[in-house]
Amino acid sequence: MTENANTAPTPPADAVGTQTTKLNRTWVVKTSIYLVVLLGLGIWGLVDGLIVYPERGRNAASFLEKEYLSQAEEAGLLLRAGVQDPRAEYDRLRAAETEIRQRIAQAQSEQRSPGQNAVELTRLEWLTALSRIGALDAQHTAIPDPSARLTELQTEWASRKPPKPLSAFDIPSQWLIALAGLGLSAWIVVLFGAVARKKFRYEPATMRLTLPGGKSFTPADIAELDKRQWHKFFVTVRLKDGKNYKLDLLRYTPLEAWVLEMEKHTD
C-alpha cells in the first residue's frame, strides 16, 4: 500500500543496523569467466607471436633455403648463391616477380629448363620467408660455403615435413590478438577494483539509502523510480530536488531488494 510521503514509513519487522552491499556473486562469476577467456586468448596470442610463429617461420626459411641452393646447384650457380645485400635483392626480385614467373611458364610450355629464372624465384621465396621473421640481413644470407650448407640442409630435411611459410599477417595478427586479450583483461581487473570500492549503505529502520558518493535519501525524498531499464538491471531514482541517480542492480546485492522496499513507501 502506498503511503503519503509526509507520513513516517513503518520500518520492516526485521530492521537491523546499517547494511552494506556486497558484490553480486552471479556478476563476479560471469565476469571472472570473461577474464579467464580473455587472459587465455591474450597469452595464446603472445606465445604464438613470440615463439610458435617465429619458430615456424625459421623452419620455413630453412627449408626454402635448401630449395634455393638445390636449384642453384642444378643451374650451376651454387658457388655464387650467397646474398650480400639481401634487402636490395629482395626489393629487386619482388619488382620483377611477375616477369620471372612469366618466363618460367614460357620455358615450361616450350619444355625448356627455367634455369636462372627458377633460381631467382626460389631465392625470392627464401628471402620473403626471412623477411617475415625479421631476419633479412647478411648474417642469414651471406653463405661462406654454399656446398657444405646445402649438404647440411639436405640432411636436416631428409626426414622432416616442410612447414607452411608464414604470410605477411601471421605474426602481426597474433600481436593484435595478444593486445586485445591482455588489454581487455586489464580493463576487467580495473573494473573489478572500481566496482569493489563502491559501497551502498542502507538503514532498514529509516529506509535511508546512502550512495557511494555520500548522497543519501529516504522514500520521502523520491519523486519517481524510473524502471524502464529494469530488465537491464538498472533503475533511475529521481529525487524531489531534481537530481537523478542511476543505480546498478546487477553488480551489487542486496541493492535491488532495498529499492523494492523503498518503492513500497513512495508516492
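**Buried spots and ring pairs**

Visitor: Is S185 buried or exposed?
Guide: This is a predicted model, so we go by computed accessibility. Buried means under 20% relative accessible area. S185 comes in at 4%, so it counts as buried.

Visitor: Which backbone oxygen does the side chain of S185 reach?
Guide: S185 is in helix α6, residues 170-197. Leaving aside residues up to four places away in sequence, S185 touches L35, L38 and L39. The side chain also gets to a backbone oxygen at 2.7 Å, and that oxygen belongs to G181.

Visitor: At which residue does helix α2 bend?
Guide: Helix α2 covers residues 86-109. Its buried residues include Y90, L93, A96 and I100, and α3 and α4 are among what covers the buried residues. The helix bends by about 60°, and the residue in question is E97.

Visitor: How many residues apart are F63 and W157?
Guide: The structure holds six aromatic pairs. F63 and W157 form one that is edge-to-face, 5.5 Å centre to centre with 75° between the planes. F63 is in helix α1 and W157 in the loop between α5 and α6, which puts them apart by 94 residues.

Visitor: What kind of pair do Y202 and W258 form?
Guide: Y202 is in strand β3 and W258 in helix α7, 56 residues apart, and both are buried. Planes under 30 degrees apart count as stacked. Here the ring centres are 5.0 Å apart and the planes at 20°, so the pair is stacked.

Key. Residues numbered from 1 in each chain as written. Predicted model: local features only at pLDDT ≥ 70, side-chain atom pairs only at ≥ 80, totals over all residues. Heavy atoms only, no water. Bend = angle between axes of the 7 residues up to and from the residue. Helix = DSSP H or I, 4+ residues; strand = E, 2+ residues; numbered from the N terminus. Buried < 20%, exposed > 50% of the residue type's maximum accessible area, 1.4 Å probe, protein only. Contact = heavy atoms within 4.5 Å. Polar contact = N/O pair within 3.5 Å; in protein donor to acceptor, adjacent residues only side chain to side chain. Phe/Tyr/Trp six-rings, centres within 6.5 Å; stacked < 30°, edge-to-face > 60°.
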